[in-house]
Amino acid sequence: MTTAALLALLGLVDASFSGFRAYAGRDARIRKHRATARAALRGLAVGAALLLAPALTAAALLLTASDRARTFDTLVAGGLGYLLPLALYTAVVTVSLAAYLLLPFRASTLAVVIGLGPLTLLRPLAIAAACLGALLNGGGAPSLLVGAVAGAAVLCVEPLVHRRWYHRVQ
């Protein structure tokens, strides 16, 4: 699987969780599986649309480059540097999410309070670390630009989903 495909998959999974977060805690019903699944799908749809921005940015960089092969190699190197910090962050989130889903009620509540909640707040820092990783791995300015556009896209999913569907839900 290519780096771009892994990053796109990671972005889509994050978008789905962003849709879930836009809805989670806003409905007092105990059984709300359909509503949370619908919120995750809404996040996925918004995220898929927003992730076209970094893809178009990368395509524009490649089409306007004087040396397309070199620019492509630079973007691949930057993509790998971008992927490594996000993979680490995703692993920690996955462990915390597994604790939330698999542990009894009190322990899963603790997993949210000490795990998923703070990790949500750390998302912008994880994206900043990914941008720095893209730059340090030899991606240069082109990878930094694509990474910044991708980071902005995934950070916009939750507010857009909340504003479109859940702004009246308290």
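User: What makes a residue buried, partly exposed or exposed?

Analyst: Buried means under 20% relative accessible area, exposed means over 50%, and partly exposed lies in between (1.4 Å probe, protein chains only). The model is predicted, so local features need pLDDT of at least 70 and side-chain atom pairs count only at pLDDT 80 or more, while totals for chains, interfaces and linings use all residues. Residues are numbered from 1 along each chain as its sequence is written, and side-chain values use heavy atoms, with hydrogens and water left out.

User: Why is Tyr100 called partly exposed?

Analyst: Tyr100 has 31% relative accessibility, and therefore counts as partly exposed. Tyr100 lies in helix H4; helices here are DSSP runs (H or I, at least four residues), numbered from the N terminus.

User: Which residues form the nonpolar patch on the surface?

Analyst: The patch consists of Tyr100, Leu101, Leu102, Leu110, Val112, Val113 and Ile114, with about 710 Å² of accessible area together. A patch takes residues with over 30% relative accessible area and no salt bridge; nonpolar side chains (Val, Leu, Ile, Met, Phe, Trp, Tyr) are joined within 5 Å, and like charges within 9 Å. Areas come from the Shrake-Rupley method with a 1.4 Å probe, and for residues only the protein chains shown count as cover. Helix H4 (68–102) and helix H5 (105–121) each supply at least two residues, and the largest share, 4 residues, comes from H5.

User: What makes the pair Asp14 and Arg123 a salt bridge?

Analyst: A salt bridge requires a side-chain nitrogen of Lys or Arg within 4 Å of a carboxyl oxygen of Asp or Glu. In this pair the closest N and O atoms are 2.5 Å apart. Asp14 belongs to helix H1 (residues 3–23) and Arg123 to helix H6 (residues 123–166), 109 residues apart. Asp14 is buried because its relative accessible area is 18%, and Arg123, at 6%, also counts as buried.

User: How many salt bridges does the whole structure hold?

Analyst: The search finds 2 salt bridges. Glu158 forms one with Arg21, the closest N and O atoms being 3.0 Å apart. Glu158 lies in helix H6 and Arg21 in helix H1, so this pair ties together parts 137 residues apart in sequence. Both Glu158 and Arg21 are buried.
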